[in-house]
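This report goes through selected features of one protein chain, by topic. Please keep the sequence and the structure at hand while reading.

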Amino acid sequence: MAAETIRLGVDIGGTFTDVVLEKGGESFSTKVLTTYAAPENAIIDGMHQVCTKAGVTPADLTQIIHGTTLATNALIERRGAKTALITTQGFRDVIEMRTESRFEQYDLNLNLPEPLLPRQMRYTVSERVDATGAVLVPLDRAEVEALADRIADAGYDSVAVGLIHSYLNDAHERLIREVLEERLPGVMVSISSEVSPQMREYERFNTVVANAYIKPLMKSYLGRLEGRLQEEGVSCNIFLMHSGGGIISIESAAEFPVRLVESGPAGGAVFAANIAARYGLDKVLSFDMGGTTAKICLIKNQTPKTSRVFEVARTYRFKKGSGMPISIPVIDMVEIGAGGGSLAHVDAMRQIRVGPESAGSEPGPACYGRGGAKPAVTDADLVLGKLDPDNFAGGSMRLDTAGSETALHQVIGQELDMDAATAAFGLAEVVDENMANAARVHAVENGEDLSDYTMIAFGGAAPLHAGRLCEKLGVERLLVPPGAGVGSAIGFLRAPFSFEANRSVYMKLSDFDAGRIKTLLAELQEEATGFVRNCDAQAEILSEYKVYMRYSGQGWEIPIVLDEADALNPNAVRFEALFEADYAKLFGRTVEGLDIEITVWSVNATTPPEAVARTAEQSPGTAADVALTRRMFDPALAEYCDADVVLRAQMAPGQTAQGPAAITEDETTIILPASRRAICQPDGCIDITVRG
């Protein structure tokens, strides 16, 4: 008889670490405060809690899938290793010059982000490869050996290598790595032709520098985590969620940690896509709000939208263009500094501002009673009656309402001459409007009308705010799935093993070379498949092909999806038809008389997605039992109301609740505005629609 599968999903967030265990169709979960000094401690604590709930031991686990914000935080907080960059002579300052674009056109005091490495930590070698991959200036090994000695004397822990056009010819980068590994065996080396073999040197150099910068930290953390788990009796394989929405081995994650920068939010998008498939929804707005940030993602045809560039460590933290671009496959989402721990203040214009600073878990919002003195979003939610101070996190933590009121009055009320309740209302409306604005802009940028979308909300704070967000956006339907409070961790358990390989090879359709294309795509497929085989040597692997195309003279490309027949038998007429169809759909028209260019080729190898059974949706039935009532503020009515409190665990399929109401569970609370009605569906989803 086959052994029972017992899987663990772990998501380290800025405030909470979420842990989910699945066994025999049952799910057990918990939330514990993140331990910043040693993140593995929270994982061990949460693991023991869910194992106890499930009646198993850590030794019984058969698989662990982990996502973390550690890589992102190390880049934001500049806590990486002492790193050097080796680049082509004349290109030493590329990561400082950026692209010379201004993300705030009229700001005379524009604050550009500092490069990860100052100028004295950037070195050059005399070599040159042209845009076709031909060597113009050969690399002298003796020069590299002399440079290696200088790097050794300076005491670097890690080295990034990024040479011009190395994505076409990586021989020089490999030679530099060979010399460094011979002369500096204790120093980690990252080369851009492996980390991000794509055109645009600023993005590529920045990505390889980021990878080298966090590589020692992440290798150390992953090694400690493996050791601690082994001490607890865990012997199963450990996998990591990557930013593109798939799972890679812990060895691949340690080698390419830059691919982990959005691993937690990616898990949330996978979770929402799985729910969308269960309900047959083709247009979904994924809303993930945790303790530090909120993330919004568009999901069409049960597939999250993806991108190949992501910004991290923004100086205007949530302003597009103000951060360091990381050129990796990533699920495309917009991130806002609007989590439960986001702090509020009054600016010089006497306006309430929320975020991007967060109280995190240490000290946390004022209501945690751990020393926080500034009001956070959670403090406003508590004062407005959205949270029960005696039953927060399943009763494991008591909230201090008086502490919240004091913080709100001192920071906002005294400045604006209002009481704590009005300050809480103002804070909540500002944060909800910030999220609504971000969603509107993201939809417009993608040519979408959100009124056609269904929202799926998850994360500890999202169900508290999703109903109000739907009112602001004109979204008529909201789904809050079971386990919403730990949605990203559940998403890890739904994700396939996958890896995307990409490469820049410039080609015009007028110079279409079918043989070269076929060979290139086959090489990329082999590379991507190799990473997936490190996770599962036997599973079926599917290949997804994509090319990035543009009209000649344009600065950026659009992604074009190819089928297997297009990859095996490339045809210029077919490529042109696919491009023009997608271009017209996005921009409303095509451009006559211009040649078309292909700049990037991509193959994603993935195991088949989990089979999803459609949920048989239920019509409204009897009203759910009301456990009690409490005073709760409804922002659309701008007044306190007597709201019903319903226990989610006791709602049977078909039972309903009418707003204003709070549907409570251990890990979150669903706030039902007066304008909404909720129905419990057979799979446990709370289906919220416009009342009447």
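Two strands are taken to pair if DSSP finds at least two bridges between them. The model is a predicted one. In it, six strands form an open sheet with the order 3-2-1-4-11-12 and mixed pairing. The edges are held by strand 3 (26–33) and strand 12 (247–249); each has a single partner strand, so one side of each lacks a neighbour in the sheet. On average, and with direction ignored, neighbouring strands here are turned by 25 degrees against each other.

Within this sheet, strand 1 (residues 6–12) and strand 2 (residues 16–23) run antiparallel and are joined by seven bridges. Gly9 has Val20 in strand 2 as its bridge partner. Helix 14 (residues 487–494) packs on the sheet and touches strand 1, strand 2, strand 4, strand 11 and strand 12. The direction of helix 14 makes about 135 degrees with that of strand 1. Helix 9 (residues 263–278) lies across strand 1, strand 4 (63–68) and strand 11 (237–241), and runs at about 85 degrees to strand 11.

## Strand 34 and its partners

Is strand 34 (residues 676–680) mostly covered or uncovered? Four of its five residues are buried, so the strand is mostly covered, buried meaning under 20% relative accessible area. Strand 34 pairs with strand 31 (residues 656–658) in the antiparallel sense over three bridges. In that pairing, Thr656 stands opposite Ile679 of strand 34.

Strand 35 (residues 686–690) also runs antiparallel to strand 34, and five bridges join the two. Cys680 has Ile686 in strand 35 as its bridge partner. Strands 34 and 35 form a hairpin with five residues between them. Gly684, in the turn, has a positive phi of about 95 degrees.

The peptide bond from Gly659 to Pro660 is cis, with omega near 0 degrees.

Most residues other than glycine have a negative phi, and most peptide bonds are trans. Arg200 is not a glycine, yet has a positive phi of about 80 degrees. Arg200 is in the loop between helix 6 (192–195) and helix 7, and counts as buried at 16% relative accessibility.

Gln302 also has a positive phi, near 65 degrees. This residue is placed in the loop between strand 14 (294–300) and strand 15 (303–304). Gln302 counts as partly exposed, at 30% relative accessibility.

## Asn206 in helix 7

Asn206 belongs to helix 7 (residues 201–231). With a relative accessible area of 4%, Asn206 is buried. Leaving aside neighbours within four places in sequence, Asn206 is in contact with Ile95, Glu201, Met324, Pro325 and Ile326. Arg477 is 271 residues away along the chain, and the C-alpha atoms of Asn206 and Arg477 are separated by 41 Å.

Definitions and conventions. Residues numbered from 1 in each chain as written. Predicted model: local features only at pLDDT ≥ 70, side-chain atom pairs only at ≥ 80, totals over all residues. Heavy atoms only, no water. Buried < 20%, exposed > 50% of the residue type's maximum accessible area, 1.4 Å probe, protein only. Axes fitted to C-alpha atoms, helices over the stretch in contact; angles between N-to-C directions. Contact = heavy atoms within 4.5 Å.
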